[in-house]
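Welcome! Have a look at it first, and then read on.

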Amino acid sequence: MKKNYSYLLIGLIAWACQPKETTIDYTAMSDAERLQVATEMAQSTIMVDGHVDLPYRMKVGGFTLQREILDVSVRTDGGNFDFPRSKEGGLDAPFMSIYIPAGNQQIPGASKALADSLILMTERLAKTFPDQFAMAYSPSDIETNFAAGKISLPMGMENGAGLEDDIANVEYFYDRGIRYITLTHGKANLIGDSSYDTVRLYNGLSEYGEQVVKEMNRVGIMVDLSHVSDDTFKDALAITQVPVIASHSSVRKFTPGFERNMSDELIQAMAKNGGVMMINFGGSFIDSAYASGSSKVREHIVNWLAENNMSRSDSAAQAYISEYTAANNPFPTVQRVADHIDHVVALVGVDYVGLGSDFDGVGDSLPTGLKDVSMYPNLIAELLKRGYSKEDIEKICYKNVFRVWKAVEDFARGQE
């Protein structure tokens, strides 16, 4: 029987005519060429940032549910985030931080009330500017919004004190749209011990905290281990049945003694768990020299103002402060942020690192080249210069955190 090879021949011809993928050597480009590629890459790739403090920035600015919200649909003078700058930098899904200050923990009900208020404020942003912003409760929501050119507003609660002492509030806040909870903040709470607190009430998680982690797994909220003490971190990893995140933490190697950052041991433990750490851009998080350098600058300026009988609002004082700070620049650079990413990649691989800037949350401490959300391409360009591939950039920008988020969703569905 004669065989018909025509279809096979057609298939081989079609395959031969397909354009072959080429490996681009980004390291061979000029800085200008690389920045252009990085900008195009940032704007065409979904980018998730694990922590942006816009809701609390609005609260501090005096905006409430009874007043008009801050119009971040246009370029704003202050802060690090708005729609135009996000579009320039390629940011598509900043996790809105529903931040609960530790001081609220002293007043029963105050933490939950603030969380509810900030959630409503975030939702109002999306309702007021529907052409620019949209709420997002899953990776698929972010993909849909990205296709429509909108910036997604997923939400994470910074400080589990918002749960108060009621385990039912875990599911309540899931229903309100919260998709991660940072277990603690600046002080120990009912859940566990904080990295910033010298008092260790439980030497890790409390019994209630153990219940909270299990309940977060059950309902589908990511466990965020930024801010917790090392013992709380280890306890949470021992209990969780799904990967975790650190929404805005950096590498302790570059800030010795700063427990708020993650040690190599914790980075390795998180990678073994399948989790992802999202690098914080704040000066004190990325370089221990920043704190001492900025203190010297502040001290000099305070003394100069006193000697010259001026206030900071005086135009002459503002000019001097700007000139002096520029000449004695204490800020680290975008290269230092890349150093943190390099360290994680060398230690555990590129699958376990992401971006968690802390924009609008770390004040005037951001590195040169990463002062606001328009500047992510500077970081991507630096990574390309160091040999990272397009696939690596995609993992760092969104694929790693999507993987964790989807694993948490899948586990929760299996509990129904």
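A residue counts as buried when its relative accessible area is under 20%. Asp360, with a relative accessible area of 16%, is therefore buried. Please keep in mind that this is a predicted model. The points below go through the nonpolar cores, the aromatic rings, the charges over rings, the cavity and a few single residues.

**Nonpolar cores**

- The largest nonpolar core has 109 residues, and the members that touch the most others are Leu183 and Leu379.
- Helix α16, which covers residues 390-414, gives the most to this core: 10 residues.
- Another core, of seven residues, lies apart from the largest one, and Val297, Ile301, Trp304 and Ala317 are among its members.
- If neighbours within four places in sequence are left aside, Leu379 is in contact with Phe281, Val334, Val337, Ala338, Ile341, Leu355 and Leu370.
- As general background, nonpolar side chains in soluble globular proteins tend to be buried together.

**Aromatic pairs and a cluster**

- The structure holds 16 aromatic pairs.
- One of them joins Phe258 and Phe285 in an edge-to-face arrangement, with 5.5 Å from centre to centre and 65 degrees between the planes.
- Phe258 sits in the loop between β8 (245-246) and α10 (264-273), while Phe285 belongs to helix α11 (residues 283-286), so this pair ties together parts that are 27 residues apart in sequence.
- Phe285 counts as buried, because its relative accessibility is 6%.
- Phe359 and Tyr376 also form a pair: their ring centres are 5.8 Å apart and their planes are at 80 degrees, so the pair is edge-to-face.
- This pair links distant parts of the chain, with Phe359 in the loop between β10 (353-355) and α15 (376-385) and Tyr376 in helix α15, 17 residues apart.
- Phe95, Tyr180, Tyr398, Phe402 and Trp405 come together in one aromatic cluster.

**Charges over rings**

- Arg179 places its charged end over the ring of Tyr174, 3.7 Å from the ring's centre.
- In Lys371, the charged end sits over the ring of Phe331, 3.5 Å from the centre of that ring.

**The cavity**

- How many cavities of 30 Å³ or more does a search of the whole structure find? The search finds one.
- The volume of the largest cavity is about 50 Å³.
- This cavity is lined by 13 residues, and those closest to its centre are Leu225, Val228, Phe233, Arg260 and Met262.

**Single residues to look up**

- His227 has a phi near 80 degrees, which is a positive value in a residue other than glycine.
- You can find His227 in the loop between β7 (222-224) and α9 (230-239), and with a relative accessible area of 4% this residue is buried.
- Asp360, the residue from the opening lines, has a phi near 70 degrees, again a positive value in a residue other than glycine.
- The place of Asp360 is the loop between β10 and α15.
- Arg124 is part of helix α5, residues 110-128, and counts as partly exposed at 23% relative accessibility.
- Between the C-alpha atoms of Arg124 and Leu190 there are 30 Å, and these two residues are 66 residues apart along the chain.

Key. Residues are numbered from 1 along each chain as its sequence is written. Side-chain values use heavy atoms; hydrogens and water are left out. A nonpolar core is a set of buried Ala, Val, Leu, Ile, Met, Phe, Trp, Tyr and Cys residues joined through side-chain atoms within 4.5 Å. Buried means under 20% relative accessible area, exposed over 50%, partly exposed in between (1.4 Å probe, protein chains only). Helices (H or I, at least four residues) and strands (E, at least two) are DSSP runs, numbered from the N terminus. Contact means heavy atoms within 4.5 Å. Rings of Phe, Tyr and Trp (its six-membered ring) pair if their centres lie within 6.5 Å; planes under 30 degrees apart count as stacked, over 60 as edge-to-face and the rest as tilted. A charge sits over a ring if NZ of Lys or CZ of Arg is within 6 Å of the ring centre and within 35 degrees of the ring normal. On a 1 Å grid over the protein atoms alone, a cavity is a set of points where a 1.4 Å probe fits but cannot get out, and a pocket is an open set with protein on both sides within 12 Å along at least five of seven lines; lining residues have an atom within 4 Å of a point. Grid points are joined across faces, edges and corners, and a volume is the space filled by probe spheres set on the points.
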